[in-house]
Amino acid sequence: MGPLINPQQIINGLQLGSIYALIALGYTMVYGIVRLINFAHGDFFMIGAYAAYAAFFAFNAMVAGRTGTLAFIVLVIAMATSASVAWLANKLAYKPLRYKPKLSSLITAIGVSMFIEYFFSAFPAIGASYRAFPEIIPRRDIHIGPAVVSNLVLIDLAVAAILMIGLTLLVRRTTLGKAMRAVSQDKDAARLMGIDIEMVISFTFLIGGAFAGAAGLLAGMTYPRIFPYMGILPGLKAFIAAVLGGIGNIPGAMLGAYIMGIAETFASAYNSLIGEGIAFAILILVLLIRPTGLLGEKIADKI
Amino acid sequence: MKLQKFPRFLAVVILFYAVIEILFKLDVVNGYLLHIINLSLIYVILATSLNLINGITGQFSLGHMGFAGVGAYVSAALSTLVFKLSPSKPGDMLVFVGCIVAGGLAAAVVGLLIGFPSLRLKGDYLAIVTLGFGEIIRTAFNNLDVVGGPRGLLGIPKFSNFTTIIIASALSVVVIRNLIQSSHGRAMLSIRENEVAAELVGIDTTRYKVMAFTFGAFFAGIAGGLLAHLIQLAHPTQFGFIKSVEVLIMIYAGGVGSITGSILAAFGLTFLSEGLRLGIRSLADATGLPIGGEWRMVIYALLLIFIMLFRNEGLMGTKESKIIELPEVE
Amino acid sequence: MSAPLLKIEKLTHYFGGLKAVSDFNFEIPEGSIYGLIGPNGSGKTTTFNLITGIYTPTEGKISFQGHDITGQKPFRIVHRGIARTFQNLRIFGNLSALDNIRIARHYTTRSGLVSSILRMPSFKAEERQVRKEALELLDLMHLSHRATEKAKNLPYGELRRLEIARALATKPRLILLDEPAAGMNPKEVDDLMHLILRIRNEFKVTVFLIEHHMKVVMGICERIKVIDFGETIAEGLPEEVKNHPKVLEAYLGKRGA
Ligand SMILES: Nc1ncnc2c1ncn2[C@@H]1O[C@H](COP(=O)(O)OP(=O)(O)O)[C@@H](O)[C@H]1O
Ligand SMILES: [Mg+2]
């Protein structure tokens, strides 16, 4: 348990937070643009982990010894696979319901999520059981005072940081980013301005999926055990992180994710039951006290 | 005239009961089939009570099986651990009924608590919070050693049988139906239709939303208690999120807002589910291929997606059959 | 004159930085038909939302029959005797026209949960009574033929009448009508004017209405308040208001409506 402010736990919390942040961003971007809680988003994360797993065994022999190249290939494949699945889910399941009551899409998303999870565990080549994730990058520990920082921590933090900086630039600087912001603020106005709404939505799913895929790889390397239902809890917690930060708000999702990662690490160290429950406790508190989240803006219904 | 006054629903229930009992005596219906019918009847309670929350009042609960879990654990703890009931002792049946009701009441209290977030939250947010509550309840069972923790509560006496279950199921349907077809029920419907307008024609929307959750949870608790005393086990995994989604699929398949639809879908999907279970197993046996039970859930998931995409209104829409619906009081 | 039925003092409301209603003062005597007009976005609907408790005003006080109702819950304000219709219809679309009316009658019913679920004689008697009254109200609005029809299948003009009927079913003392003539043809507008007069004369319900249709406003309102950008720019008898320079400017000058 140790002292109240334990540097080791802050490090672990930041590491966990980085993974949550990558997942939470997808939730928040999709919510911002289509007002859908994409239940299947956690499963895109799981798919990323499996894609990374497969890619490792496919390319390991080919690039033998060059760890950096291998890791890069695996990352790209994880991101691309999850992005494609996210794109496909949007095209097949969410798009036809775009202008139907919101709950229809939510329920469909639950269906998509169930489908992915059970399909993975039913599919003989994958199966429901746990798999040990290969050591893509050998772990090395660096001791700083009482705390241990492994190279994996640094990789998790760095990959998350690079992707988040990239996303921020994309949203702030590019035409696509401006279109995304326009659609999230007012769909009708954006359409009148000539923005191809469906294209923007597709892109959002692609980016969100890619980020979840990257998170899947990082999670596989950090907590080296994968299984078809591994996306459920991180997905839910990342979603809660997005709500905590203010859903629809990109910096909010990052902030919420790091708070969540740290809160969970501390709570789990204290008591594992509290660790399991802290996310929901945070969710319920946020929704009751400040439903718009830390950085979210108030959206009032006009009557 | 007199004959017409005899409640149609009661007549159908009695007929159904008699037919199944006779077929069972004649060995046309075997014990396995009777078990599936019992399960279907329990799902009738679960689906109609969830429909009261989601379909009639327009709220959204994703944690319905959490309520059932409270009912199951509380009633089973009472019957098994506290009173140590046994079906062979004549007086114990009455105590069992008391245990089931106590389970329902405990679930209702939890429903009341969960009803409160619904006052501030709508739609998808509410869905997530109810999901969270359901998971918290499940985690609690998983960690409570008195009721077996992750192993579950074992050795529950088998009090549930076709007779007790059909009575409970018919009573639940009648109470929910009568509630819906009263002024109170119309107040609940108005919240689903337009909450602001409901409030502005004088409906205390807060009260009715909490009421829907409380009633819905009560009946889910009853169903959970019956289930525990049928399969003689209460286990945390029976009450998780996916189980709640199964009930959700029932109300969407049947038609949100239609009690008739919920009843039909409860039977249809319970039988489909068992059919798939058997079909997949015999397919695997026959072909020797590794075809796992998870395919059943894959099909369920696809069913849910297809309903949402292609038949949003479900089997019945919001319509009721004349067997369920009461005539207007004239 | 006796105390006003509705009294609004210094009512002010902000949406974030936007002042939607500013220092609104008004009194409506029992039995009158008063009008509230102003260009689009001038704060009329917001005023109704404040009176009916949908929003709590930033400042000011609203009293009804001498009771302070500021900040009360909407349904309690309805129970006190204020009913309303909506600029954008808010009908219970999937329910029958009859049920739309019966729901509005709900808070005045007495049957508890137990007697309802057991369908006791007292419950049935009350159901019968509610049904009878609701059908009478539908008849009055020439909607009898629609009683069992799903409300969302009614044509627009009938929906407007159904909303008024629903508001009346709450047995109000004051009814707030938000642009009741919107989207109506001239014949329907004439009928509406008759209807509003009947509401006041036969039901003894005081009327406060928002309307753009000048024929309605000038034809039946006894007194009119004009607002623009949330500020009162004129108030008085219809003739006084009609030729008020600020009113002409608000309507014609700046926005060329
Ligand atoms: N819920 C709200 N949130 C923010 N602004 C609002 C809201 N409702 C109304 N407004 C703004 O307040 C002003 C007055 O609106 P409203 O009362 O609807 O005008 P009117 O009914 O006179 O046309 C408008 O500028 C409108 O955009
Ligand atoms: Mg208006």
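Predicted model: local features only at pLDDT ≥ 70, side-chain atom pairs only at ≥ 80, totals over all residues.
Asn49(C) sits in helix 1 of chain C, which covers residues 44–51. Is Asn49(C) buried or exposed? Its relative accessible area is 1%, so Asn49(C) is buried.

Now to chains A and B. Together they bury about 3,400 Å², and 82% of that is on carbon and sulfur atoms. Which three residues supply more of the area that chain A buries against chain B than any other three? They are Ile107(A), Met114(A) and Tyr118(A), with 18%. As for residue counts, chain A brings 41 residues to the contact and chain B brings 38.

How many salt bridges does the rule find between chain A and chain B? The number is 0. For polar contacts between the two chains, with both residues at pLDDT 80 or more, the count is also 0 residue pairs.

On chain A, four helices each supply at least two residues of the side that touches chain B: helix 3 (67–94), helix 4 (102–122), helix 9 (232–245) and helix 11 (272–289). Helix 4 of chain A gives the most, with 15 residues. Sorted by class, the side of chain A that touches chain B has 33 nonpolar residues, 4 polar and 4 charged.

Methods. Residues numbered from 1 in each chain as written. Chains lettered and ligands numbered in written order. Heavy atoms only, no water. Contact = heavy atoms within 4.5 Å. Buried area = accessible area lost by both parts, 1.4 Å probe. Salt bridge = Lys/Arg side-chain N within 4 Å of Asp/Glu carboxyl O. Polar contact = N/O pair within 3.5 Å; in protein donor to acceptor, adjacent residues only side chain to side chain. Nonpolar A, V, L, I, M, F, W, Y, C, P; charged D, E, K, R; others polar. Buried < 20%, exposed > 50% of the residue type's maximum accessible area, 1.4 Å probe, protein only.
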